[in-house]
Amino acid sequence: IGFDNIPGSTDIKLKLKDGDAQTVSYPAEIGGTCQAWDDGVHPECRKGEDDAPEWCKQRWCYVDPCTCDLPQKPKVTMYLPEATFTGKSLYYSY
């Protein structure tokens, strides 16, 4: 699914490993194309290259689960839990 080249930002409330919550500003077009959206943005991904989790560098994007033909099944996004696409929850895939 595509929403690319959207100016601005989207504030996302993240639950961190320690149980705390933090609001983080991502580009408004988050997930519109497949790239490493969390790298350097998500608090766990700001620790420096050696200490950041492996998933920080993974490319991901929002997909239509009905037409996505990838080995790994798409998952419902936790970043935008109330967002929908064609009446369904918003899904992402690596």
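Two strands pair if DSSP finds at least two bridges between them. Strands (E, at least two residues) are DSSP runs numbered from the N terminus, as are helices (H or I, at least four). The structure is a predicted model, in which local features need pLDDT of at least 70 and side-chain atom pairs count only at pLDDT 80 or more, while totals for chains, interfaces and linings use all residues. Residues are numbered from 1 along each chain as its sequence is written, and side-chain values use heavy atoms, with hydrogens and water left out.

The strand pairing is a place to begin. β1 and β2 pair in the antiparallel sense, over seven bridges. Within this pairing, isoleucine 12 stands opposite valine 24 in β2. The two strands form a hairpin with five residues between them, and there glycine 19 takes a positive phi near 95°.

The loop between β1 (9–15) and β2 also holds lysine 17, which is linked to glutamate 44 in the loop between β2 and β3, 27 residues apart. The link is a salt bridge (a side-chain nitrogen of Lys or Arg within 4 Å of a carboxyl oxygen of Asp or Glu). Between lysine 17 and glutamate 44 the closest N and O atoms are 3.7 Å apart. The two ends differ in their surroundings, where buried means under 20% relative accessible area, exposed over 50% and partly exposed in between (1.4 Å probe, protein chains only). Lysine 17 is exposed at 72% relative accessibility, whereas glutamate 44 is buried at 11%.

The count of salt bridges comes to two. The other one joins aspartate 39 to lysine 57, with the closest N and O atoms 3.2 Å apart. Both residues lie in the loop between β2 and β3, so this pair ties together parts that are 18 residues apart in sequence. Aspartate 39 is partly exposed, with a relative accessible area of 34%, and lysine 57 is partly exposed at 46%.

A disulfide is a covalent bond between the sulfur atoms of two cysteines; here the criterion is a pair of cysteine sulfur atoms within 2.5 Å. The structure holds two of them. With bonded cysteines counted along the chain, they follow the pattern 1-4, 2-3.

Cysteine 34 sits in the loop between β2 (21–27) and β3 (61–63) and cysteine 61 in strand β3, so the bond links distant parts of the chain, 27 residues apart. Cysteine 34 is partly exposed at 33% relative accessibility, while cysteine 61 is buried, with a relative accessible area of 10%.

The other disulfide joins cysteine 45 to cysteine 56, at 2.0 Å from S to S. Both cysteines belong to the loop between β2 and β3, 11 residues apart. Cysteine 45 is buried at 6% relative accessibility, and cysteine 56 is buried at 1%.

Cysteine 66 is in no disulfide; the nearest cysteine sulfur, that of cysteine 68, is 10 Å away. Cysteine 66 counts as exposed at 58% relative accessibility. For the sulfur of cysteine 68, the closest cysteine sulfur is that of cysteine 61, at 7.7 Å, too far for a bond.

Aspartate 69 is found in the loop between β3 and β4 (75–76). Aspartate 69 is exposed, with a relative accessible area of 73%. From aspartate 69 to glutamine 58 the C-alpha to C-alpha distance is 18 Å, with 11 residues of separation in sequence.

The last feature is open space. A pocket is an open set of points on a 1 Å grid over the protein atoms alone, where a 1.4 Å probe fits and protein lies on both sides within 12 Å along at least five of seven lines; its lining residues have an atom within 4 Å of a point. Grid points are joined across faces, edges and corners, and a volume is the space filled by probe spheres set on the points. The largest pocket has a volume of about 450 Å³. Its lining comprises 18 residues, of which Leu14, Lys15, His42, Met78 and Tyr79 lie nearest the centre. β1 provides the largest share of this lining, three residues. By class, the lining has 11 nonpolar, two polar and five charged residues. Here Ala, Val, Leu, Ile, Met, Phe, Trp, Tyr, Cys and Pro count as nonpolar, Asp, Glu, Lys and Arg as charged, and the others, Gly among them, as polar.
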